[in-house]
Amino acid sequence: MMAPQRSCAALQTSQQRACRTCCPRNLLAVRRASRSTSTGVKCSTTNSTGERTAAKKGTSYKYATTTAEDGLYLADISNKGDSGRTPILVGLACYLQRHLTTGFFVPIAHLECDPEGCDRYIELMKKVMGLTDDTKMMMGISEAKANELYASGHVSSLVDQVYSQFAKEGRGKQVTVVLGSGAWLGGTELDAQLAAALSSPVILTLNCPPHTTANELYNHIMVKRQIFLEHKADVLGVVLNRVPRGDYALLTQELRAKLAKSGVAFAGALPEDSLLANVRLDEIVAHLGAESLFHGGNIPLDKECTSIVVASQRIEQLLEVLDEHQDALPLVITTMDRLDLVLGLLAAHLSVTGPAVGGILLTRAGSSTGSSKRYAHDTAARIFQGFEGGGMYKGTLLPVLHVDRPLFEVLTELRDTRASILPTSARKIRQSKTLFDRYIDANSLVASMHAKKETSGPMRVTPQLFLYNIKAACLKSPQHIVLPESDDPRVLQAASEVTQRGLAHITLLGREELVRAEAKKLGLDISLVTVVEPNEASPMFDSYVDALVEARKKKGLMRDVAVDTVKGDPNMFGCLMVHADHADGMVSGANHTTAATVRPAMQLLRDETTRVSSVFFMCLPDRVLVYGDCAVNMNPNSEELAQIAVVSADTARAFGIEPRVAMLSYSTLDSGEGPDVKKVKEAVRIARELRPNEKLCGPIQYDAAIDPSVAAVKVKMASEVAGKATVFIFPDLNTGNNTYKAVQQASGAVAMGPVLQGLTKPVNDLSRGCTVADIVNTICLTSVQSMYRKGTTSGVDLDTVGAMDSLDVVDELPGFDPKTLLQVGSVLASKGKEAAEAATEAVNQIVPGLAPVGGGDSAVQQQEKQGEPAERS
């Protein structure tokens, strides 16, 4: 039964419609429009007249975000090995290239035994697409490295290293086709993780074995699709390959109907094709590693070999055998010492009535590997040269190949040789394009991609993208960060790592000889680190004491007390360095309490125009959200809550997250009443006065803020925030602190923070249980805050960015259950003050000395008013 075919006219008409409606060019315009407010633009607010104004004091602030353009992930979900998806890959890439600047990327490259080699798919697509990109930029990591990371359980490191390479390759491309690893490494699970990390919608490809029913294919597709959905990767549709022609019409019709009922697009199926299924001579050469003995300009290798004839007889007997293969083009295999057969077949090849031969493959003769090879080469080469140089013979010369392996081994290898498409396979490449255009409705895939982009709200910032942008900004503009805790080995290791990678300039506080001696014992290179003694030995000591006296003169601080404070408190010395512009920021807390870290910052660096607060960056598997305030203010009033909201929006914007601010309550809009709801309503009003054009909504419940389906039920008005929120402002510390911990525990999310806001210059606190990676990440967060404050953050030149390693990534993120998160969020948001005592105790464990004790002020703030230092815990 022949497959239905669309006429050329119909195909052209459908493509013309695509260019007017869902063409990739239109898709790109939508994509760029959605990014215009979140990436690569100035961080500013919009005034009532619609003009863009700087966020502070007329300074034009920019923030760094670097993303590759759209990726399109081709994932093979066949059960066994490669599904032969190359025709789909070739056809799809050529289709996209007709409309867009298209790139190609292989996350895990198979380099054979040569680490400097090239993946075969990259070689092919460079030829097919005419790409001139650096081959190394078109691959993520090698198969050997991927196997090592996967086997040792470092999947997150594997994913992040792939992402860093993808971001480079995507520069300047409107769309990049990504070829998934398939079943051979990690299977569908790894493909789903990679697709989600790269924010690339997925096309599923599946080989159709003989005698497979539509129901079996449907069940297999739905199981695999669910894996991608669990990792928050969008599935655009399904394409089948190698469908038996006799079953094509009925099977595709039934499968299309089943998938349509489940909301899955079926883009079509490629039928079995004899040309693509046959092994050609150039594929045999590539598979065996054979070499051509004669390099004439008229020796074709892109030719079909339909059978194999093993020649061990005399030439006259071999010719009789070949006469039986008159309709075939056999490959004759014999040993290197049978020069008589080579010459006899060459003579037969010259005759127009002689038996046709596809080529001759010579194998090792006996145990000798040298003499027979030279004999055949020297003698036969002269004959070939005579044909080429004499000018009498104008026909095609016979390919004569050699492989230095035993005959039996070669035959065994040939039995396992599978048809493939090589850069030299001109006929197969043309056939792939023809079949794709005839049988695959690529327009439906692009339309699906277009629709998802329009309805998905703001671009999701994945943890990989989030950390990549931060590291890229730091590499572009390294900041000077002071670390007071040089006596902690983790801090020493982080200082070494950061300076060696060029992420920041680091100053450690401590006795230089002791610090460098300890680093040497640990095998760390801190040659690029500056070490300053925080005492009278520092030439800046007296000026720092004067600065502290001046800053605290309203509290009546005496100079002798200031001397003791500066000399005895490395955190105070570090904050004075920041205050005096001798450093851009400070990171501490690895072996100090939060109160000890933050108190000097609040005394010296407080911004009187806003309230000190904090946010956490919640790194979920598929996105990064901002939670505030979960660490500092216990029960802010409406005005304070509004300040926290707008400052948190600025923080999100500084880190490349488009702020869509949800001000949370146990009631959505006007559905409930009560003093807590009234407080949030008033906070929303004040926030809108402060930022008339900020995307902000409230009061709103957590589920309505994050889930579009819930938002559609609870929020009847048009909203740019409901169901799309990226910044969540909790009404009090009780709700915020418990929610962030519940999300962290229930979903396996990584919480980065607290990141302090409301200071004139950045100071950030570490957990006393922090890892080296936590310290590195916090240094980079602090650096970006400094850049944002100074207005120096700009677009990132990816040429300066190196591949990330395991220290540049968050911990591995387990599966994320959105239902659990929604339940946790809504339950906690409805608890209000009922769990105040438990929340206060939890806050004391995370933020000792800062846990507010009532009235909206933290313990530090209340004791500051009384002129007393907060007790160190």
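This is a predicted model: local features need pLDDT of at least 70, side-chain atom pairs count only at pLDDT 80 or more; totals for chains, interfaces and linings use all residues.
## Overall make-up

Of the 873 residues in the chain, 57% are buried. Among contacts between residues at least 6 apart in sequence, 78% join residues that are at least 24 apart.

## An enclosed helix, H11

Helix H11, which covers residues 281-288, has six of its eight residues buried and is therefore largely enclosed by the rest of the structure.

After H11 comes Gly-289, which has a positive phi near 70°.

## Packing of H21 against H23

Two packed helices are described by the angle between their axes and the distance between the axes. For helix H21 (residues 541-551) and helix H23 (residues 570-579), the angle is about 85° and the axes are 10 Å apart. Because angles from 65 to 115 degrees count as roughly perpendicular, H21 and H23 are placed in that class.

On the H21 side, the contact is made by Phe-541, Tyr-544, Ala-547 and Leu-548, which meet Met-572, Phe-573, Leu-576, Met-577 and His-579 of H23. The residues of this contact divide into eight nonpolar and one polar, with no charged residue among them.

## Aromatic pairs

Eleven aromatic pairs are found in a search of the whole structure. In one of them, the ring centres of Tyr-627 and Tyr-702 are 6.2 Å apart and the ring planes lie at 90°, so the pair is edge-to-face. This pair links distant parts of the chain, since Tyr-627 belongs to strand E21 (residues 624-628) and Tyr-702 to helix H27 (residues 702-706), 75 residues apart.

Both partners are enclosed: Tyr-627 is buried, with a relative accessible area of 0%, and Tyr-702 is buried as well, with a value of 1%. Tyr-627 and Tyr-702 also form one aromatic cluster with Phe-728 and Phe-730.

A polar atom of the Thr-102 side chain lies 3.1 Å from the backbone oxygen of Leu-100. When neighbours within four places in sequence are left aside, the contacts of Thr-102 are Leu-96, Gln-97, Met-129, Leu-131, Lys-173, Val-175 and Val-177.

Val-223, by contrast, is placed in helix H8 (residues 214-230) and counts as exposed, because its relative accessibility is 53%. The C-alpha atom of Val-223 is separated by 9.9 Å from that of Ile-77, although Val-223 and Ile-77 are 146 residues apart along the chain.

## Backbone exceptions

Most residues other than glycine have a negative phi, and most peptide bonds are trans. Against that background, the bond joining Gly-628 and Asp-629 is a cis peptide bond with omega of about -15°, and Asp-629 is placed in the loop between E21 and helix H25 (638-654). The peptide bond from Gly-698 to Pro-699 is also cis, with omega near -10°, and here Pro-699 is part of strand E23 (residues 696-700).

Positive phi values occur at Arg-242 and Leu-669, neither of which is a glycine. Arg-242, in strand E9 (residues 235-243), has a phi of about 55° and is partly exposed, with a relative accessible area of 30%. Leu-669 has a phi near 55° and lies in the loop between strand E22 (661-664) and helix H26 (675-690). The relative accessibility of Leu-669 is 16%, and because buried means under 20%, Leu-669 counts as buried.

Conventions: Residues are numbered from 1 along each chain as its sequence is written. Side-chain values use heavy atoms; hydrogens and water are left out. Axes are lines fitted to C-alpha atoms, for helices over the stretch in contact, and angles run from 0 to 180 degrees between N-to-C directions. Helices (H or I, at least four residues) and strands (E, at least two) are DSSP runs, numbered from the N terminus. Angles under 35 degrees count as roughly parallel, over 145 as roughly antiparallel, 65 to 115 as roughly perpendicular and the rest as oblique. Contact means heavy atoms within 4.5 Å. Ala, Val, Leu, Ile, Met, Phe, Trp, Tyr, Cys and Pro count as nonpolar, Asp, Glu, Lys and Arg as charged, and the others, Gly among them, as polar. Buried means under 20% relative accessible area, exposed over 50%, partly exposed in between (1.4 Å probe, protein chains only). A polar contact is a pair of N or O atoms within 3.5 Å; within protein, one must be able to donate a hydrogen and the other to accept it, and residues adjacent in sequence count only if both atoms are side-chain atoms. Rings of Phe, Tyr and Trp (its six-membered ring) pair if their centres lie within 6.5 Å; planes under 30 degrees apart count as stacked, over 60 as edge-to-face and the rest as tilted.
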